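Here's a quick tour of how the inside of this protein is put together. Have the model open and follow along.

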Amino acid sequence: ARTSAAQLMRHFTGVAQRVAADGQLDATPIADLRPGDHIRLTAGARVPVDAVLKDGRIGLDNSLITGESLPISCENGDTVLGGTVVLSGSATAEVSKASEDSLLAGIVRLIEVAEQGHARYVRLADRAAQIYTPLVHSLAALAFLGWWGVGGADWQAALVTAISVLIITCPCALGLAVPVVQVLVSTWLFKRGILLKSGDALERLSEVREAIFDKTGTLTTGIAQLTGGVWTQADLARAAGMARYSRHPLCRTLEDAARRHGVAPLAISGTIEEIPGQGLECRDGDTNWRLGRRDFAVGVSHGDHSDPHSELWLSDGKAAPVRFAFADTLRPEARATVRRMQAFGVGVHLLSGDRKPAADNVARQLGIKHTVSDVRPEQKVAEVNRIQHQNGPAVMIGDGLNDAAALATAHVSIAPSSAIDISQQASDVVFQGDSLTPVGDSIAAARLSTRLVKQNFALAVLYNMVAIPLALAGYVTPLMAALAMSLSSLVVIANAFRFHPLVARHTSAGGPS
């Protein structure tokens, strides 16, 4: 685990080509770059820190961050992340974050948190280890007094017995029961693009009985296509201009659609505000434009409610409202992930702020029976609480601003790396890439880790139950005690390493652990 973090940290070493005030390039240590500095990016070099392109166009290998092998094209105004590789072209970029504040540094900190976090089992082992010292010394003293004062042995023999008791009851096996498993599992998950943000995430994941999925951006890619609606180029220009102020997937799609249709987004002159779970509101003079949900933008029923397409409505409160219809695509492995959850014995729910026809259409494709749609952020929280109260601990998987409160409410939560910052901060686990496979892998790994931790506790307790009476009875020499103590630690470690073949079998089979 430490090696994985160290490999990432190596991206912060070396120098970057900083553009000086006179336009010359200076070789500057990456650690010395500060926001506002300008750097030169050339083909074949790594982007040293998070930055925004100012001049030029480059092809970028973003696989270190997203897990996707396909290169992406970046131009003026695009953000590039530290650690990614420039494949073609060259550009000047303005540093937006120092190396210690970059996304890559944040990932390293997540790894460290996952290593160092103390779950309930860790705290239990620590408390048990704390009482070991007085308990073990008391047992050794009783053994000495018993054999010398009561048993009639000479003091040398009584002392040897006491030393044997002292050695054989070393709490190493108990102290190793949890950390070895935790480090092995967190490293295995990290190599698969799954980052644990809290030390007890694995423990809580192993307890879940229900899985609650958001729809847009979670079960679906969030990369929808504008496929319908009755609108003009002027409508599209106005909507795209407002959409630039939101990170909602449909808003980003609207911008892309405008570019494909050769329509320039309209410059917004009024004040604009995003209302979570509802849409965008722009006050331009005496006109109040709205872009978002049907009930938010229009206020009354319009159109075909049975249409499964996602939609955005544009309205100024005066003219007839305009509808933009979108078709979304499922994430790879979405169907397999839902089936895997069901094989785990976990109930699957779809919780979406989208319209009922759109949510029901996705649910039908994935075989999800429990669907709740048209919910606002506060209603999502209430629904998560209801499911957990009725059915037990739940894992919430979501990515949007309207999911943040629900993610924090759930027993444990998971977010994709494409989620907005506040949703990632509210989550216990973050996974990279477009596939939902990491969701099932996380639960499988968590259940296996909990099983191995319990086995390690049982082995440590069993060892002490057998070894201590034998030592007190005088059947164990100090050398035998040392060998037995070391062997108990090795047994616990070896049992922890069973995780790799076990998880390989369960993840390849896709079945429950």
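Predicted model: local features only at pLDDT ≥ 70, side-chain atom pairs only at ≥ 80, totals over all residues.

**Cores**

Let's start with the packing. The largest nonpolar core counts 56 residues, and Met341 and Val395 have the most contacts inside it. Helix α18 (residues 437-472) supplies the largest share of that core, with ten residues. There's also a second, separate core of 24 residues, and among its members are Ala240, Leu280, Trp289 and Phe324. As a rule, nonpolar side chains in soluble globular proteins tend to be buried together.

Zoom in on Val395. Setting aside neighbours within four places in sequence, Val395 is in contact with Leu205, Val208, Glu210, Ala211 and Ile212, and also with Val412, Ser413, Ile414 and Ile443.

**A strand residue**

Is isoleucine 58 buried or exposed? Isoleucine 58 is buried, with a relative accessible area of 2%. This residue sits in strand β4 (residues 51-61). Not counting residues up to four places away in sequence, isoleucine 58 touches a list that includes Leu41, Ile72, Cys74, Val80, Val86 and Ala91. Take isoleucine 72 from that list: isoleucine 58 and isoleucine 72 are 14 residues apart in sequence, and their C-alpha atoms are 8.5 Å apart.

**Helix α19**

Now for α19 (residues 478-496). At 1.5 Å a residue, its 19 residues should span 27 Å, and the end C-alpha atoms are 28 Å apart, which agrees. Buried in α19 are Ala481, Met485, Ser488, Ser489, Val492, Asn495 and Ala496. They cover an arc of only 135 degrees around the axis, so they lie on the same side of α19. An α-helix has 3.6 residues a turn, so residues three or four places apart point the same way. On the other side of α19, the exposed residues include Leu479, Leu483, Leu487 and Leu490.

**Rings**

Three aromatic pairs turn up in the count. In one of them, the planes of tryptophan 188 and phenylalanine 499 are at 90 degrees, so the pair is edge-to-face. Tryptophan 188 belongs to helix α7 (residues 179-191) and phenylalanine 499 to helix α20 (residues 499-509), so the pair ties together parts 311 residues apart in sequence. Both tryptophan 188 and phenylalanine 499 are buried. A charge gets involved elsewhere: the charged end of arginine 290 sits over the ring of phenylalanine 296.

Here are the ring distances side by side.

| Partners | Distance |
|---|---|
| Tryptophan 188 and phenylalanine 499 | 5.7 Å between ring centres |

Key:
Residues numbered from 1 in each chain as written. Heavy atoms only, no water. Core = buried A, V, L, I, M, F, W, Y, C linked by side-chain atoms within 4.5 Å. Buried < 20%, exposed > 50% of the residue type's maximum accessible area, 1.4 Å probe, protein only. Helix = DSSP H or I, 4+ residues; strand = E, 2+ residues; numbered from the N terminus. Contact = heavy atoms within 4.5 Å. Expected span 1.5 Å × (residues − 1). Arc of directions from axis to C-beta. Phe/Tyr/Trp six-rings, centres within 6.5 Å; stacked < 30°, edge-to-face > 60°. Lys NZ or Arg CZ within 6 Å of the ring centre and 35° of its normal.
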